[in-house]
Amino acid sequence: MPTKVIAVANQKGGVGKTTTAVNLAACVATLGPRVLLLDLDPQANATSGVGLEKIEGASAYQTLLGQGSLLEKIQSTAFERLQVIPSEVDMCGADIELPRAEDHLHRLARALQPVLESQRFDVIFVDCPPSLGILTLNAFAAADGVLVPLQCEYYALEGISMLHRIMTQLHDNGINPKLELLGVAMTMFDSRTRLSQQVVSEVRDHFGPRVFETMIPRSTRLAEAPSFGKPIIHYDKHSTGAAAYELLAQELLDRIQEPVAPQSFSPQP
Ligand SMILES: Nc1ncnc2c1ncn2[C@@H]1O[C@H](COP(=O)(O)OP(=O)(O)OP(=O)(O)O)[C@@H](O)[C@H]1O
Ligand SMILES: [Mg+2]
């Protein structure tokens, strides 16, 4: 299959974007595909989540500004078939510097071209920062699909119409005509609370089959794995979190091969 670029995005902070990007990347890699995890968030949580240090000059940032090749930024991890392009604090200059660059929404798409042509990866996950700023827009312009993690809490759907509107604009203005909503992943699900159940039911009413069947449980093991620089499947293979991300990875791969609704990302079922 041609390389699929998946942006993991939600402008809301702390909803499980990075946890999902890191753990899906690791689980997909264990299933066979070759995976690249591209950390586009200046917080660099995905970078440390797979055990890499933040190193000055190692991020994609200079490449977005037109210097060097993204291929040179790819680093190995301790995990088979999982490579990473780390982030570091220089990425926080993007909102100021990138808009001045020519064709500023397509900088990432352009930088990714040689990576796609190299055919070194089957799936590329892009971990986006918690905003709809220039980095997330670049991720949307470069992606085949957007995966939206939603936390199982009362305000889960708040702000989703804004995200949807931006995706529609990028799609309809021809900035990325292939952009689609690949799926919605429910995170931090607590089966004991009625609130979690209610939120899932409301989100399913809204997004229909685009909500992944697999729900990611709230789990201490998932929260502590990053401090060991390991995705959950390598930190505690037998935990509920590992099992959930393995199932989600399989669901995602099935969906990439056969999307629910190609060329469409209307939130209505
Ligand atoms: N399923 C889960 N169970 C328990 N804790 C979780 C789970 N998913 C994420 N967390 C924790 O919640 C916090 C936020 O998660 P994460 O960093 O993945 O969110 P994010 O959307 O990437 O945040 P940001 O918007 O800051 O980038 C982290 O401390 C993480 O360890
Ligand atoms: Mg994050």
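This is a short tour of a predicted model, stop by stop.

**Stop 1: ligand 1**

Select ligand 1 and show what surrounds it. There are 18 surrounding residues, and the closest are K17, T18, T19, P217 and S219. Now look at the backbone atoms. A backbone N or O atom of G14 sits 2.9 Å from an oxygen atom of the ligand. At G16, a polar backbone atom is 3.0 Å from an oxygen atom of ligand 1. Turn to P217 next.

**Stop 2: T20**

Select T20. It belongs to helix α1, which covers residues 17–30. Is T20 buried or exposed? Its relative accessibility is 0%, so T20 counts as buried. Show the side chain of Y245 as well. The side chains of T20 and Y245 are joined by a polar contact of 2.9 Å. Beyond residues up to four places away in sequence, T20 touches A25, L147, P149, T187 and Y245.

**Stop 3: helix α7**

Select residues 160–172, which form helix α7.

Colour I160, L163, M167, L170 and H171, which are buried in α7. They cover an arc of only 100 degrees around the axis, so they lie on the same side of α7. Which elements does this buried set pack against? The partners are α6 (134–142), β6 (145–151), β7 (180–187) and α8 (194–207).

Then step just past the end of α7 to G174, where phi is positive, about 80 degrees.

**Stop 4: the nonpolar cores**

Select L108, L112, I124, F140 and M186. In the largest nonpolar core, of 52 residues, these touch the most other members. Helix α6 gives this core its largest share, 6 residues.

Zoom in on F140. Leaving out neighbours within four places in sequence, F140 is in contact with A7, A9, L132, V146, L163, I166, M167, L170, N176 and L179. From Stop 3 you already know L163, M167 and L170 as buried residues of α7.

Last, select F79, L82, L222 and A225. These are among the 38 residues of another core, which lies apart from the largest one.

Notes:
Residues are numbered from 1 along each chain as its sequence is written. Chains are lettered from A and ligands numbered from 1 in the order in which they are written. This is a predicted model: local features need pLDDT of at least 70, side-chain atom pairs count only at pLDDT 80 or more; totals for chains, interfaces and linings use all residues. Side-chain values use heavy atoms; hydrogens and water are left out. Helices (H or I, at least four residues) and strands (E, at least two) are DSSP runs, numbered from the N terminus. Buried means under 20% relative accessible area, exposed over 50%, partly exposed in between (1.4 Å probe, protein chains only). A polar contact is a pair of N or O atoms within 3.5 Å; within protein, one must be able to donate a hydrogen and the other to accept it, and residues adjacent in sequence count only if both atoms are side-chain atoms. Contact means heavy atoms within 4.5 Å. The expected span of a helix is 1.5 Å times one less than its number of residues. The arc is that of the directions from the helix axis to the C-beta atoms. A nonpolar core is a set of buried Ala, Val, Leu, Ile, Met, Phe, Trp, Tyr and Cys residues joined through side-chain atoms within 4.5 Å. A residue is near a molecule or strand if one of its heavy atoms lies within 4 Å of it.
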